[in-house]
Structures are given as C-alpha cells and as structure tokens.
Amino acid sequence: MRPTLPALVALLVATATVAAGAPVPLPADADAGPATGTDTAGQQPSTAPIDTVQNSSDYLSLSGQTRSSAEFGNATLDVAGTVAMDNGRLRTSFNETATLQAFRSADNSTARTAIVERTANRIDNRTAALQDRQQRAVSAYNRGELSAEAFLQRLAVIDAEAQRFDTYIGTVLRTTSRTPGYSLPNSLRTRLESLRVEPIILQGPVRTNVRRSVSGEDDAFGVYIETTNDGIILARLAGNRYVREALLADEYQQPGPDQFKQGEQAPISTAYERAQTLYPWTFENAITTPSATGYGSTPIYQISVDHTQGQLVSYIDGTTTNVFRETQEKRLSRLPLTGNATNSTDALGVRARLSHESGPMNVSVVDETGEPVDARVTLNGQFVGQTGSDGALWAIQPHGPVTLNATTSAGERVTLQLDGN
C-alpha cells in the first residue's frame, strides 16, 4: 500500500549517479540480492521524462535527447580548482559577515529590512550567474573544449559556491527571526525562501564527492558523465553504493502557472500525488513516511523517499508537472539485474548483468575451467577497473552500444558487445 501524505507535510514547507572460438563455461550469476517489492513496470505515464525499472526505483532520464557525451572521467586533486573554490567561499563568507554586521548595527527596522533586500538582490544575481556558468561549462564540454576532468572540476567549483549561498540564505533567515523587536516582512521572507532553489539544484551528491576529491579531502575516483544540450547525468560507485544525480533543464521553470495550484487541495499535496504516479515502486516500497517540501512562492516541490533499496530525492516543477532534477542512492546488494549478456573464447568467458543505461552493471570473467580470472576491464576503450581475484567487477553501464573488453595479464582477451537500451 502506498503511504498517504501526512497532514504535517500537506502544508507548504520551505527548506533552509564476439571473438570466435569454442565456448567455455560462463560465469555463474553474481548474487545481486533479492528483487524486492512489486513489479510496477508499465504504469509510468509516457509524457514524463522518467524511465521504468522492474522491481526498483524508476529514474529521470535524457530519453529522446541527442547525447553529446557518454564517458568516464576522473575526479582527482586539482590545485587550480581548490584555489577557485577557496576564493568563492571567502568572497561569500565576507559578504555574509558584512551583511550580519550591518544588520545588527542598523538603527531601526526600516534600515534592517533595506539591508536584507539588498542581500536578496545580491544573492539572486550571484546564483543566476552560477546557473549561467554551469550552462556555459556544459556547452564548452559538449563542444569538446573541456576534458571530462576539467568539466568535473568546474562543476565542483559551482557546487562549492552553491553550497555556500544556501548556507548564506539560511543564516540570514535565522538571524532575522531571532532578532528581538524585528519582524521580517512576509514577502521578503518568502523571497529568500524562494532563492534557495537555485543553490540547491546546483549541488548534488556526486558533485559534492567530486569537490572533496578536487580539494584533496577524498581519494580520486571515476565518474560516469552523460550530457545533452539541456541535461546532465553524473553517476559513481562508492563502496557498496550506487549514486546518481540527473538534471534536465528544459523541464525547469517553463513559462506558465503552477499547475498544482489549479485544484482545490494544497499544491504540495497534488505534487506529492504526482510523485506517487511517477515513482509507483518507490512509494510502494517506502520504509519511512515520504516527505514533501516546497520553496517559497516557486512552483518547485521536493519529494524524498527512503525505500528498501536506498533513497530517492526528486524535484518536480509545477509549470510542467514533471521531474527536472533527481538524486538516487541504491545499495548494490539489493539491486535486481534483469539484463544478461555473455560471450566466450577458447580461454575466457565473460558475463555482464545489467540494470539500465547509466545504472550499475556487474561484470564477471572466468577461464576455460570456469575459475574466476583477474582481468582489466574497459568500456568503449575506457578503463573502469580490475575484476580481481574473485573475477567480478561493478561498473556503470554507459548510454548506447557498448564494447566491453576484458584482458588478462597474459594478454588473453574476450570482447562483449552490449546493445543500447
């Protein structure tokens, strides 16, 4: 049964990623864990940019759009990127400190309100500039002017500045609410709450991981990158977790009214029901009560669901009633891998068990006796890892046709061709 929207979240709440030869035994199926929940494939509305997955959470895709890239990049230490992030943080911190000092020393409420208004204007302009920087980075990357690594570094810098602006807004809201004798006008409070949307959608779990790697806080790791003119997908594997974030800009803040306000019930309730329709399996397999959040006067609604395989956070725009941003985290041991592809040579056998494009895949390699083999694995010529002593490897399945090569230290190779979904 799907959870109903609790009365608490029915109110609008604003919140602060074939070679020829005789066949040999193929790898045994890897244990990817039980398929949990009810299969709800086929219930998805065709008008939404959501692709369905059997027995797992559906996901925001770039379906119907021409891919400009689908490749792997490395998130690694970068001195220039670290300096850029530090400069952005220092600039925002300076503005935040100056704002708070001016607000606290102002003579009266009128002066304090004027300071908050100027702050809101400054944040509005700066976050719009961040959005523009992201689009220019995507365009430059799609034109081949930025490498995958340089593109990730730019996203990391934007993520750092967006995080700081989100904190800045939250600090201003808390300070104004805790100042004795002062009441922030409702219209200005709503504006500040609305301004939180831009910084939040310019952040993401994969971007944050990239930022920590670029600054040297975390080790280097690989990231799957998929882009179109208006879309970005970033995905990675982190231990036993799969993390993915997606943004589809042409579904965001289109001209027109908030369609969730057209009915008699609260708009956030209608947005919640829309999310139930878009992600039926996720709601049916929720392990806690899903939450719904609105942002000031914007038509943006955030839906968060903890389910049996992980967590979904989805952002729906009321002007289109569709998802435009999404983050997903799933435990690899819980994922059903419904696709299966195999090939063999005289010396090696390879099996790939698949979920979906930009989703996890499990690769296993054996020798002619069926024993696991340590092999170097590439996808479309890009190295993604070694299978190790157990002969198995988790990786991200790229978009489109994929050529998988597994090569041993002795130079033996087996190739597997994967068709696009």
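The model is predicted. Its protein chain has 421 residues, and 55% of them count as buried. The secondary structure comes to eight helices and 18 strands. The accessible surface of the chain is about 17,600 Å². Carbon and sulfur atoms account for 48% of that surface.

**Helices H2 and H3**

- Two packed helices are described by the angle between their axes and the distance between the axes.
- Helix H2 spans residues 109–142, and helix H3 spans residues 148–177.
- The axes of H2 and H3 come within 10 Å of each other.
- Those axes cross at roughly 165 degrees. Angles over 145 degrees count as roughly antiparallel, so H2 and H3 are roughly antiparallel to each other.
- The crossing of H2 past H3 is left-handed.
- The contact of H2 with H3 has 16 nonpolar residues, along with four polar and five charged ones.

**Leu 130, a residue of H2**

- Leu 130 sits in helix H2.
- Leu 130 is buried, and its relative accessible area is 1%. The cut-off for buried is under 20%.
- Leaving aside residues up to four places away in sequence, Leu 130 touches Ile 158, Glu 161, Ala 162, Phe 165 and Leu 202.
- Leu 130 and Glu 198 are 68 residues apart along the chain. Their C-alpha atoms are separated by 8.7 Å.

**Helix H4 and its cover**

- Helix H4 runs over residues 186–195.
- Its buried residues are Leu 188, Leu 192, Glu 193, Ser 194 and Leu 195.
- The cover over the buried residues of H4 includes H2, H3 and helix H5, which spans 197–201.

**H4 against H2**

- The axes of H2 and H4 come within 11 Å and cross at roughly 25 degrees.
- Angles under 35 degrees count as roughly parallel, so H2 and H4 are roughly parallel to each other.
- H2 and H4 make a left-handed crossing.
- On the H2 side, the contact is made by Thr 113, Val 116, Glu 117, Ala 120, Asn 121, Ile 123 and Asp 124.
- On the H4 side, the contact is made by Leu 188, Arg 191, Leu 192 and Leu 195.
- By class, the contact of H2 with H4 has six nonpolar residues, two polar ones and three charged ones.

**H4 against H3**

- The axes of H3 and H4 come within 9 Å.
- The crossing angle of H3 and H4 is roughly 155 degrees, which makes H3 roughly antiparallel to H4.
- H3 and H4 cross in a left-handed way.
- H3 brings Ile 169, Val 172, Leu 173, Thr 176 and Ser 177 to the contact.
- H4 meets them with Arg 189, Leu 192, Glu 193 and Leu 195.
- The contact of H3 with H4 divides into five nonpolar, two polar and two charged residues.

**Helix H6**

- Helix H6 covers residues 205–214.
- Seven of its 10 residues are buried, so H6 is largely enclosed by the rest of the structure.
- The buried residues of H6 are Val 206, Arg 207, Asn 209, Val 210, Arg 211, Ser 213 and Val 214.
- Gly 216 follows H6 and has a positive phi, near 85 degrees.

**Asparagines with positive phi**

- Asn 55 has a positive phi, near 55 degrees, though it is a residue other than glycine.
- Asn 55 lies in the loop between strand S1 (50–51) and strand S2 (59–60).
- Asn 55 is buried, with a relative accessible area of 15%.
- Asn 380 is not a glycine either, yet its phi is positive, about 50 degrees.
- Asn 380 is found in the loop between strand S14 (376–379) and strand S15 (382–386).
- Asn 380 is partly exposed, and its relative accessible area is 39%.

How values were computed
Residues are numbered from 1 along each chain as its sequence is written. This is a predicted model: local features need pLDDT of at least 70, side-chain atom pairs count only at pLDDT 80 or more; totals for chains, interfaces and linings use all residues. Side-chain values use heavy atoms; hydrogens and water are left out. Axes are lines fitted to C-alpha atoms, for helices over the stretch in contact, and angles run from 0 to 180 degrees between N-to-C directions. Helices (H or I, at least four residues) and strands (E, at least two) are DSSP runs, numbered from the N terminus. Angles under 35 degrees count as roughly parallel, over 145 as roughly antiparallel, 65 to 115 as roughly perpendicular and the rest as oblique. A crossing is left-handed if the near helix is turned anticlockwise from the far one by less than a right angle, and right-handed if clockwise. Ala, Val, Leu, Ile, Met, Phe, Trp, Tyr, Cys and Pro count as nonpolar, Asp, Glu, Lys and Arg as charged, and the others, Gly among them, as polar. Buried means under 20% relative accessible area, exposed over 50%, partly exposed in between (1.4 Å probe, protein chains only). Accessible areas come from the Shrake-Rupley method with a 1.4 Å probe; for residues, only the protein chains shown count as cover. Contact means heavy atoms within 4.5 Å.
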